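Hi,

Here is the model I promised to send over. Have a look at it first, and then read on for my notes.

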Amino acid sequence: MRSDKSDRKIKQTVYPKTLPICLFWMSFSLLYASEIEVLEPLSMVQENIFLEESNAEQMVFSNETSFFGEEIAASSVAGLFPDRINWTTKKKAAPPEIPVAAKPTKSLRVSIDALYFKPIQDSLKYGQTNSISFSPPGNTIGPSFTYDWGVRGSLAIPLRYDDWDLSAAYTYFHPTMPTVHKTDDNQYLFMVLTQSFFPQVNNFSNVQCGDIKGKWRLKMDLLNIELKRICLVSRSFLIKPIIGIQLAEVKQRIVVNYGRFWIVNGGVLPLDNPIPILNAQKIISANEVYGVGPEFGGEMSFLMPKNFRLFLKSAFACMFGRFNTTMKYAENLGSIGSLPPNGTGITTTPYPENQVLKVNVAGSFTMIQIQGAFSKEWKMGKNGSGDFMLGWETQFWWNLSRMNGFNQPSLTSLGADMSLQGPYARLELNF
């Protein structure tokens, strides 16, 4: 009985003291066992995780491993057990390179554009073919619009006020279209530019000829003064709002020659002394437009790796100015007489006087410009850079010309539209 009591005392005194040690040992054993399961040897990973066909022994682990509730590098974990396992790490793939849009810089920019545009002017007509001699219906005889060269230069100066830039651009475009020549042995070509409302400046019923030759020339000078500022939308996308003024001077000139008239009427009343009917062999028309007005728009750039860029510009301008149109009828032939059986015939002689019609009115006209391009930039020195751009440009001018109806002096001619389109190349230098 005494021994049992003593044993009970021993158990009561020994067990409470050894309990914390046992619990700590068990906890450490469980933690160590869980860590061994996480950090598997290379051979087990080869069987259970990933096996490359090209090299079966080259295995990859995540570059971070959980150990005792903390994120540490796999190489550090492997250092805790150098005599047990050899470890390798897996490198994460680098994210794609995203170009960073440049912040506004205080740099001077100079650029020059080579333009190769095709102008198209509405309501220009030299003559009309007749369905008797040509396959019906009759076709219009007008200018042959082709591509021609022009140039545009610009200069941008940085301002100290809120990172705005002041730029000026001048456009020079003076194309000459090829001469158009049309003939008809039966003299069934209609002379549309000599039909008018009184006989002194037309050929009355003598409206046909056998030869038409025409030429059109354009002179366009534009000056744009603009304020621009870079606004970053994202790391690779930026916009530049544009506010400014545009000045325009546009001149058009056509020269049309008519030949081999078909004269069927030689004069008008009175019968005893008829007034000769004039047949103009040469028509010269000049249309000049001057205007100035506000301009607004924007430029957008999408930056890509390796300093490539997509570029888009859209600008709109509304101008007010003067329209000066002059129409000259030259090298006239005066027709006298009448056809048999009532007359002895018609005779024609040169008429020394020229007829001139003028229209001078004030009005407004508008234009829109759209550019789309692809460019490449390269660095030059510490602060300089260069940019080469290839793109396409379209301009559309509303109510630019008063040449439609200019041969009708009793009516006010209406505005006609003109468009320009074609590729361009730009070289820009930043200092």
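How many helices and strands are there in the protein chain? There are three helices and 19 strands, where helices (H or I, at least four residues) and strands (E, at least two) are DSSP runs numbered from the N terminus.

Before the details, some housekeeping. This is a predicted model, with residues numbered from 1 along each chain as its sequence is written. Local features need pLDDT of at least 70 and side-chain atom pairs count only at pLDDT 80 or more, while totals for chains, interfaces and linings use all residues; side-chain values use heavy atoms, with hydrogens and water left out.

**Overall numbers**

The protein chain has 431 residues, and 37% of them are buried. Buried here means under 20% relative accessible area, exposed means over 50%, and partly exposed is in between (1.4 Å probe, protein chains only). The accessible surface comes to about 25,000 Å², with 60% of that belonging to carbon and sulfur atoms; the areas come from the Shrake-Rupley method with a 1.4 Å probe, and for residues only the protein chains shown count as cover. As for contacts (heavy atoms within 4.5 Å), take those between residues at least 6 apart in sequence: 74% of them join residues at least 24 apart.

**Strands around β14**

This is the part I'd open in the viewer. Two strands count as paired if DSSP finds at least two bridges between them. Strand β14 (residues 275–304) pairs with strand β12 (residues 237–262) in the antiparallel sense, over 21 bridges. To find your way along that pairing, look for I254, which stands opposite S285 in β14. Strand β13 (residues 267–268) also pairs with β14 in the antiparallel sense, over two bridges, and the bridge partner of G267 in β14 is P276.

β14 is also joined to strand β15 (residues 308–338) by 25 bridges, and these two run antiparallel. Along this pairing, L278 stands opposite G334 in β15. β14 and β15 form a hairpin with three residues between them, and K306 in the turn has a positive phi of about 65°.

From β15 the pairing goes on to strand β16 (residues 345–351), antiparallel again, over seven bridges. G337 has I346 in β16 as its bridge partner. β15 and β16 form a hairpin too, with six residues between them.

R260, in strand β12, has a positive phi of about 60° although it is not a glycine. It counts as partly exposed, at 41% relative accessibility. E331, found in strand β15, has a phi near 55°, again a positive value in a residue other than glycine. E331 is partly exposed as well, at 43% relative accessibility.

**Rings**

The structure holds ten aromatic pairs. Rings of Phe, Tyr and Trp (its six-membered ring) pair if their centres lie within 6.5 Å; planes under 30 degrees apart count as stacked, over 60 as edge-to-face and the rest as tilted. One of the pairs is F117 with F173, which is edge-to-face at 5.9 Å centre to centre and 65° between the planes. F117 lies in strand β3 (residues 109–121) and F173 in strand β7 (residues 165–173), so this pair ties together parts that are 56 residues apart in sequence. F117 is buried at 2% relative accessibility, and F173 is buried at 1%.

F145 and W216 have ring centres 5.4 Å apart and planes at 80°, so they are edge-to-face. This pair links distant parts of the chain, 71 residues apart: F145 is in the loop between β5 (140–141) and β6 (148–158), and W216 is in strand β10 (residues 208–228). W216 is buried, at 0% relative accessibility. Y116, Y147 and W149 form one aromatic cluster.

**Cysteines**

There are zero disulfides in the structure, a disulfide being a pair of cysteine sulfur atoms within 2.5 Å. C231 is partly exposed, with a relative accessible area of 27%, and C318 is partly exposed at 33%.

Cheers
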